[in-house]
Amino acid sequence: MTANLEIVVALIALAPFLAALIAPSIKVFAGGFAGWVLAIVPAAIFATFLGFIPAISDFSVIRVGLNWIPAYGISFSFFVDGLSLVFGAMISGIGTFIVIYSGAYLAGHPHQGRFFSYILMFMGSMLGLVLADNVFTLFVFWELTSITSFLLIGFDHSRQAARRAAIQALIVTGGGGLALLAGLITLTLITGHNSLTGMLATAGGVQENPLYLVVLLLVVVGAFAKSAQVPLHFWLPNAMEAPTPVSAYLHSATMVKAGVYLLARMNPVLGGTDAWFWILTLFGGATLLLGGLMAVRQTDLKQMLAYTTLGSLGLLVLLIGFGTKEAILGAILYLCAHSLFKGALFMVAGTIDHGTGTRDITALGGLRENLPVTFITAILAAISMAGFPIAMGFLAKEEMYLALTQGSWPDLAFLAVLIIGNALMMVVGLLIAFKPFLGPTVPTPHSPHEGTPSLLVGSIVLAVLGVCAGLATDWINTAVLNPTGGSIYNRAVNAQIHLAFDLGNPAVWASVATWILGGLLFWKADAVRNRLRRAGEAIGWTFDAGFDALMFGLIRFADRITRLLHHGRLEWYLLLMFVCLAGIIYVPLLVVDSLPALPAWPELTFYEWGAILIAALGLLAVLTAKTRLTAIVALGIQGFSVAVIFMLFGAPDLSFTQFMVETLTVIILALVMTRLHLDDVDHRDLETAVRDGAVALAFGSGIAVLLLVVLQTDLDLTLTEFFRQTSTPIAHGRNIVNVILVDYRAIDTLGEISVVMAAGLAILALIKLRADAKGKRRGRRRGAIKGSLQ
Amino acid sequence: MNTVIFRTAAPALAALMLVFSVFVLLRGHNEPGGGFIGGLMGASALAIYGIATGVRETRKAIRVHPITFAGLGVVLAAVSGFISLPFEVPFLTGLWWIFDVDGSEIALSTPLIFDIGVYAVVVGAVGAMALALEGDEGED
């Protein structure tokens with residue numbers, strides 16, 4: 001690969017983040033045109049992706065990488081193949097129109113610049129996700145999409161419902177991400193590769209591994225959480241709290257498809273087994289049916305669309321689980337078709353909301369006069385959604401029905417599920433396309449008006465593309481299906497989709513059945529909705545309520561544990577800590593090992609004995625001290641003489657540090673003592689004194705014994721020798737201790753100083769809290785005095 | 001503790017300790033010393049100055065809140081790690097530039113920047129703690 005291509009791919013992943021950085025300033029300068037200006041970035045990325053098509057159409061890949069943490073083999077590596085190209089084109093193409101749409105939809109919103117920033121950050125994360133080669137890079141971007149989605153759902157953060165939906169989505173998708181991480185790590189261990197290209201190149205073999213089922217379940221949980229499969233689906237309808245461009249972009253066209261992407265990507269590595277087939281098809285089928293039924297039940301336009309998205313995601317998972325060539329091709333076609341018509345319909349719903357002030361389908365009617373362009377756009381999108389001929393949706397349905405009309409009876413059961421699900425989604429499409437526009441005019445919160453060009457252009461382009469794609473089957477075969485199918489199938493495929501209405505083909509009859517069923521349901525839509533509502537009320541339990549119960553249960557549990565452990569009695573904390581530490585030292589020694597032998601009587605010079613004597617005197621002074629302050633200072637005597645001993649035995653660095661630590665310990669202890677307003681003298685009754693003394697002796701002698709054990713093992717001098725030899729020539733330093741701290745183990749030190757800083761902050765906060773509470777009390781008292789004087 | 005001798009000597013003592021702490025920091029790579037020990041000495045200097053002249057005076061003398069030094073220190077240490085990236089070696093690899101100035105060797109390096117970061121963190125965090133404890137309630 002040429003260097004140029006590497007830079008281009010790296011830029012694709014980076015550009016949206018750079019754009020996010022400057023988006024608020026562009027908003028200030030460009031004002032109402034900010035959407036159009038910022039849309040240049042995704043548009044350019046889209047054009048670049050189109051330019052890649054010739055390079056990857058023969059089932060080859062473009063790979064680039066940048067070392068990140070080479071010690072763990074983690075790199076920022078990306079690759080482009082058919083599958084990532086389709087997703088990348090979808091993300092950037094739809095993203096272009098979404099950015100333009102947001103410019104108009106949120107015009108005048110005080111935080112529009114921030115919104116642009118979030119949505120571009122999301123775009124970058126999503127592109128990074130589908131382009132990532134290294135599985136850890138993939139995971140990082142996977143979680144970044146969860147985080148940006150959290151920011152976007154909670155964009156309207158003054159509303160409680162938006163905040164709740166944002167947190168719920170973050171918990172479900174982020175939690176799924178952790179399962180995915182565990183799965184990816186296990187997969188890395190099994191295959192010996194941590195890049196997707198490596199795993200794909202050596203695919204096969206994972207399925208026989210004893211850990212296969214574990215990996216499969218972990219990856220599937222991650223994918224299901226992201227792609228809102230039953231029973232982890234409840235966050236998606238709630239995510240409709242986000243502004244409409246977000247719903248159109250994240251929660252129908254792109255982010256929720258990340259799970260589908262992952263499953264498609266993993267198909268060669270994990271797919272093809274019974275477990276894969278049954279898990280994916282059963283959960284996918286359940287999601288499809290539930291999504292379809294719930295969608296018909298709703299009256300809010302966005303909720304209706306959200307549940308059909310659920311259904312569509314279920315459909316895609318089912319098809320990937322099915323895994324035949326036709327099923328995979330059908331999934332790819334449906335993936336593209338769905339993004340086009342669902343993106344368009346969401347934007348239509350947003351335009352209706354924007355133009356009338358309501359999204360309740362029962363409160364809308366007769367808008368065809370006032371919103372003619374929106375009406376036509378909605379019809380075009382619905383044609384593709386319902387799968388009428390020449391639309392891309394038709395091609396997708398024909399291919400998936402073809403996949404299911406070739407086999408045995410379970411196939412027919414799935415065919416029935418597919419027909420019912422598709423019919424239900426068709427009903428919703430028709431309802432949205434016709435109900436608000438036809439019939440008598442219904443008064444709306446504000447008088448209806450057509451959307452501005454910025455609001456309309458995206459939905460028009462997507463809807464028209466969705467319908468006309470059926471005419472470009474040759475291009476779809478060679479540019480989309482062959483490379484993408486090749487990536488999912490891991491070997492070259494030859495797609496031969498063509499537009500035909502052959503009555504001898506059973507798939508055509510399945511489509512006809514879908515239309516008839518959908519038409520009937522549409523005719524009786526109100527009755528069906530009422531019946532479904534009553535059924536829902538009869539059940540009376542939702543997954544959403546279950547989530548709440550779980551979360552509140554967790555909080556109550558945490559509260560109870562905290563109250564148990566955090567009772568606020570310092571004396572007991574210390575006692576418990578020291579008893580546990582003594583236990584940790586003595587129990588293994590007594591159970592597994594034996595106590596160390598006593599060391600020989602040391603040969604020391606008189607000044608060394610002197611230092612030891614002073615230390616002992618210091619200890620004696622601590623025990624006999626009259627006041628607490630004296631005891632603290634006496635403790636310092638003992639510490640200082642230990643420092644002197646370190647010095648005498650040739651550890652100047654250690655001794656130096658010990659001096660400083662002792663000094664500061666005494667100062668800080670003394671200061672804390674003066675703050676706590678304790679009695680000067682330490683009163684303890686005999687019983688307490690014996691108990692505390694016993695614990696102190698146990699702990700202190702434990703440390704001594706531990707040191708003896710350490711001294712009596714053979715010292716491994718390899719490291720010492722290594723540092724002695726390399727520290728001056730490599731690290732330019734003669735003080736090995738310091739060289740280790742700032743060079744060899746610098747990353748440990750970086751962690752440690754971060755902890756020191758955080759601890760400092762926490763202590764400051766604690767002291768300040770106390771001071772504030774006191775200040776307030778004093779303030780009140782002062783106020784009271786002032787009041788009494790007046 | 002507030003004797004005249006202590007109050008008179010403390011500012012000079014604190015100044016000496018601060019200078020010495022920097023000396024200890026800089027010699028650390030070859031002789032006993034380094035950022036951590038130097039930082040502890042610097043923090044002691046702040047604590048002593050605080051006891052002698054009062055916390056308000058000390059805060060005025062250092063101008064910014066001591067915890068700021070701690071934050072800057074972590075940033076500095078992290079940044080010193082990133083310097084190695086453009087040279088295409090891993091994060092936190094030590095880089096050395098050795099100059100010959102008038103016969104004596106001056107060695108500048110990323111580990112030195114890192115050590116200065118450590119120094120700042122320790123001075124900042126421990127100093128902030130000590131000053132906060134010394135301060136009268138509500139004064140902070």
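Here is a walk through a predicted two-chain model, from chain A to the contact between the chains and on to chain B. Because this is a predicted model, local features need pLDDT of at least 70 and side-chain atom pairs count only at pLDDT 80 or more, while totals for chains, interfaces and linings use all residues. Residues are numbered from 1 along each chain as its sequence is written, and chains are lettered from A and ligands numbered from 1 in the order in which they are written.

Let's start with chain A. Its secondary structure comes to 31 helices and two strands, where helices (H or I, at least four residues) and strands (E, at least two) are DSSP runs, numbered from the N terminus. The C-alpha trace of chain A spans about 110 × 80 × 55 Å along its principal axes. Of its 790 residues, 45% count as buried. Here, buried is a neighbour count: 20 or more other C-beta atoms within 10 Å of the residue's own, with 12 or fewer for exposed, partly exposed in between, and C-beta atoms placed from the backbone.

Now for the contacts inside chain A. Two residues are in contact if their C-beta atoms, placed from the backbone, lie within 7 Å. Among the contacts in chain A with a separation of 6 or more, 79% are between residues 24 or more positions apart.

The domain assignment for chain A gives domain 1 (334–523), domain 2 (603–682) and domain 3 (745–790); these bounds come from an automatic or database domain assignment. Between the C-alpha centres of domain 1 and domain 3 of chain A there are 60 Å.

A few backbone spots in chain A are worth a click. Most residues other than glycine have a negative phi, and most peptide bonds are trans. The peptide bond from A:V230 to A:P231, however, is cis, with omega near 5 degrees. You'll find A:P231 in the loop between α9 (212–226) and α10 (235–238) of chain A. Then there is A:I390, not a glycine, yet with a positive phi of about 65 degrees. A:I390 sits in the loop between α16 (372–386) and α17 (392–404) of chain A, and it counts as partly exposed because 16 other C-beta atoms lie within 10 Å. A:H732 is also no glycine and has a positive phi of about 55 degrees. Its place is the loop between α29 (718–731) and α30 of chain A; with 18 other C-beta atoms within 10 Å, A:H732 is partly exposed.

Next, the place where the chains meet. On the chain A side 43 residues are in contact with 46 residues of chain B. Helices α27 (652–676), α30 (736–744) and α31 (746–789) of chain A each supply at least two residues of the side that touches chain B. Of the elements involved, α31(A) gives the most, with 18 residues. By class, this side of chain A has 27 nonpolar, ten polar and six charged residues.

On to chain B. An unreviewed UniProt entry annotates residues 5–126 of chain B as "domain: Na+/H+ antiporter MnhB subunit-related protein". UniProt positions are given in the numbering used here, feature names are shortened, and annotations may be inferred rather than shown by experiment. In the model, residues 5–126 of chain B are 69% helix and 10% strand, with end C-alpha atoms 26 Å apart. UniProt (unreviewed entry) also lists "transmembrane region" for residues 12–29, 35–55, 67–87 and 107–133 of chain B. Residues 35–55 of chain B are 95% helix and 0% strand, and their end C-alpha atoms are 25 Å apart. For residues 67–87 of chain B, the figures are 76% helix, 0% strand and 32 Å.

The expected span of a helix is 1.5 Å times one less than its number of residues. The 17 residues of α4(B) should therefore span 24 Å, and the end C-alpha atoms are 25 Å apart, which agrees. Buried residues of α4(B) include B:F69, B:V74 and B:L76.

Finally, look at the hairpin of chain B. Six bridges join β1(B) to strand β2 (residues 104–109) of chain B, and the two run antiparallel; strands pair if DSSP finds at least two bridges between them. B:F99 has B:I106 as its bridge partner in β2(B), and B:V101 has B:S104. Two residues lie between the strands of this hairpin, where B:D102 takes a positive phi near 55 degrees.

Conventions: Ala, Val, Leu, Ile, Met, Phe, Trp, Tyr, Cys and Pro count as nonpolar, Asp, Glu, Lys and Arg as charged, and the others, Gly among them, as polar.
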